[in-house]
Structure formats: structure tokens, C-alpha cells
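Hi there,

Here is the structure I promised to pass on to you. Have a look at it first, and then read my notes below.

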Amino acid sequence: MAFWLLKTEPETWSWESQVKRGAKGEPWSGVRNYQARLNLRAMKKGERAFFYHSGEARAVVGIVEVAKEAYPDHSAEKGDWSMVDVVAVEPFRIPVTLADVKAAAMLCEMVLVKNTRLSVQPVTDAEWKLVCKMGGLKTK
DNA sequence: GCCAACGTTGGC
DNA sequence: GCCAACGTTGGC
């Protein structure tokens, strides 16, 4: 069971928009980076990901679940790109900001810190647990 | 608004 | 295949 982190600009696609989609979920389209594509394609149905707001907010705000595994990105005019469908699972009670992540010794190796520009990232089990806890969620 | 980091493109 | 130039992302 792997964990992930999905980055989005809230002006483009926010947690609120994701929640409004409900159980139908939403295709995570528009990824145009090979490393991110690799991660998208490694995602399995039922795996979970942090939903991260970049830009102004800079915080993990909730958790989504993969509802459909990688399939061709319909927004790609050319090239071989993939997307997955994700469904909102649970909001964080307390958003975990980038500053919080950087301040936590255990999290200083997170891809979020090390490779800030990667939009689809793997998260380790230990990181997952801690960030959930910081967000005010019971870890499962 | 600026700049650093990274990825992509194109000339050689 | 190398590398400089350029564009984009995202934090500050």
C-alpha cells in the first residue's frame, strides 16, 4: 500500500472543488512531467494521497483516494500522458503547512521539500502517519 | 515581483 | 551527446 501527494493550485482546482465532486471523483488531468507520470501510473485503486495546495496556501488540506487507475489523459492533445480519478476522503482538521513540514525533523526528507516542483509525489509510510497526525486525523 | 530549481529544446 | 538558452513552477 503506497501513499502519495498530489499538488494543485487552489485557483485551478481546490479541495472544495474536489469535495463537490463527491463520490464521482475527478480525473487528475494535465500532468506533463515524466516523473509525475511514472508516479501516476504506479498508483493502485484504493491507495490514498495527500491533497496539497500550492501557491498562497502551501498546505496539505485533505486526503483523496484513487478511484480509477491510470488511463489516457483526455486533455492531452498529443503525447502519451496519463491521469487517474481521485475521490475526496477526508479533510484535515488542521491544514499542515509547508512551514510545518519543514519544521518537523522527520519530514525534512519529504519530496515536497526536496523536489518542490514535482506535482505527483510518493510519500513514505512514516511521513504519511505523521502528517495525518499533525493534521488532526487519527492514523489508520 | 523576484529568483532558484528543474525540465525541455535546439544548435553544434 | 553535450550544453547553453529558455520556459515553467513554486517558494519567498
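This is a predicted model: local features need pLDDT of at least 70, side-chain atom pairs count only at pLDDT 80 or more; totals for chains, interfaces and linings use all residues.

Now pick out strand 1, which covers residues 3–8. It runs parallel to strand 3 (residues 48–53), and six bridges join the two. You can trace this pairing in your viewer: Leu 5 stands opposite Phe 50, and Thr 8 stands opposite His 53. Strand 1 also pairs with strand 6, this time in the antiparallel sense and over four bridges. Leu 5 takes part here too, with Gln 121 of strand 6 as its bridge partner.

Why is strand 1 largely enclosed by the rest of the structure? Buried means under 20% relative accessible area, and six of the six residues of strand 1 are buried, so the rest of the structure largely encloses this strand. Both of its faces are covered. On one side the buried residues are Phe 3, Leu 5 and Lys 7, while on the other they are Trp 4, Leu 6 and Thr 8.

Happy exploring, and write back with any questions!

Best wishes

Definitions and conventions
Residues are numbered from 1 along each chain as its sequence is written. Chains are lettered from A and ligands numbered from 1 in the order in which they are written. Side-chain values use heavy atoms; hydrogens and water are left out. Two strands pair if DSSP finds at least two bridges between them. Buried means under 20% relative accessible area, exposed over 50%, partly exposed in between (1.4 Å probe, protein chains only).
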